[in-house]
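This report concerns the structure shown below.

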Amino acid sequence: MDDPARRLIQRLVRRIPKQSLHTLLGRWGRLTAEQQQSLDLTLPKSALTENLRALCEESCLGVKHITELEMMYIIDNPNHGMWHALHLLGPRDDVLSIDLTEFKMQFKTHLAEVIRHVSIKIKKHVDEALWIRVAWGDGYSSPNHLKPTYVVHHLQTPYVFVTGLTSKQKPLLSQALVLATRHSSVKDANLSGQNLSAIRNLLMKQYQQVFPTKHPRPLGEKNQLPSNPQIEREQAKNTENSLQMACKAFGDGALPQLQSAVYRLETKFRDNTNQIMTEREEPFRCVVKFSSANLLESLRHCASSGIASTPVTPLLSSITKKGQNYFVINDKGPGPPSQATHPRK
């Protein structure tokens, strides 16, 4: 077994929990039942790595087969990296007729023509998503399987999700995607996050957006008479209005678990007491980032509970309306960045 395959096995065993390894190897199907039973999962991972490597050598398995195992693990556990959304533009008239076989051929052929050493695997998942693993090399070096790019795409949709992509590789991947999907161009969707399902659901509007026109009013505490019924009614009405406005801005029901939103300010500094800053030709720049385990849920709660004022400002409601979490704010108002790129991890 060559060094890239050994290092890939070592990394996989280090990342995969022991309780999941046995099931994953069974689904992989590259080892016999006897070989798999011989693996002692109680051993330290260093010893377990050597045992698995020996079994792979015994079965004449190499990098080609080990990357299959990695893909299975990444598909099952996609939320370990930072995913960035891309938007395909200018679909051709025959875009809906593309099938998996043609996509594979176009994608692989183009990348093989523009880069000498590249390794590509494409797998269709049970949810109809295409998972693509690209290990990049160049004219002088073999593909680096320790730093692959993963791409997720649903055929006949204009959205693509990528992780592990460098600025040098991005034009090559973009060209391959445009040709294989029959579009004219691709651009950043200005949406990123660690939770692949969240950004996919947000961009494709696959979450509950319709909200009730009337919400039940909160019940008063038991065995407690209102001190002033008129005040209580007014407070209940305000609470109901706030809840309706919060649901209108962010949706009703479970929301995609987005972790952050970034706002980059590029505007003129205005302060009559500070002429030096006010008279600057260069715009004033700063970055504001909101972070939470579930940012949309947190913002909705702030609006519905009265912590934040309503109606919700477009700066926040644009996250769901535009399917973005990265914005540039200038003197013309909030909008997508023109030359900006996603903040990288």
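T181 counts as buried, at 4% relative accessibility; buried means under 20% relative accessible area, exposed over 50%, and partly exposed in between, with a 1.4 Å probe and protein chains only. The residue belongs to helix α7, which covers residues 170-181. Helices (H or I, at least four residues) and strands (E, at least two) are DSSP runs, numbered from the N terminus.

The T181 side chain comes to 2.5 Å from the backbone oxygen of L177. Not counting residues up to four places away in sequence, T181 touches L88, V95, I98, F103 and H153, where contact means heavy atoms within 4.5 Å.

## Basis of the model

This is a predicted model, in which local features need pLDDT of at least 70 and side-chain atom pairs count only at pLDDT 80 or more, while totals for chains, interfaces and linings use all residues. Residues are numbered from 1 along each chain as its sequence is written, and side-chain values use heavy atoms, with hydrogens and water left out.

T267 lies in strand β7, residues 260-267. T267 is buried as well, with a relative accessible area of 14%. Its contacts, not counting residues up to four places away in sequence, are P283, F284, I329, N330 and D331.

K248, in helix α9 (residues 229-250), is exposed, with a relative accessible area of 62%. Between K248 and P311 there are 63 residues in sequence, yet their C-alpha atoms are 9.3 Å apart in space.

## Nonpolar cores

A nonpolar core is a set of buried Ala, Val, Leu, Ile, Met, Phe, Trp, Tyr and Cys residues joined through side-chain atoms within 4.5 Å. The largest has 55 residues, of which W28, L52, W83, W131, F161, F250 and I319 touch the most other members. Helix α5 (residues 63-76) supplies the largest share of this core, seven residues. Apart from it lies another core of 22 residues, including I132, V162, L173 and A176.

Leaving aside neighbours within four places in sequence, I319 is in contact with L202, L258, A261, Y263, L295, L296, L299, Q324 and F327.

## Confidence

The average pLDDT of the chain is 85, and 87% of the residues score at least 70; pLDDT is the predictor's confidence in each residue, from 0 to 100. Over residues 210-223 the pLDDT is below 50, and this stretch has 16 contacts in the model beyond near neighbours in sequence. Residues 336-345 also stay under 50, with 25 contacts beyond four places in sequence. Where pLDDT is low, the predicted coordinates should not be read in detail.

Methods. Polar contact = N/O pair within 3.5 Å; in protein donor to acceptor, adjacent residues only side chain to side chain.
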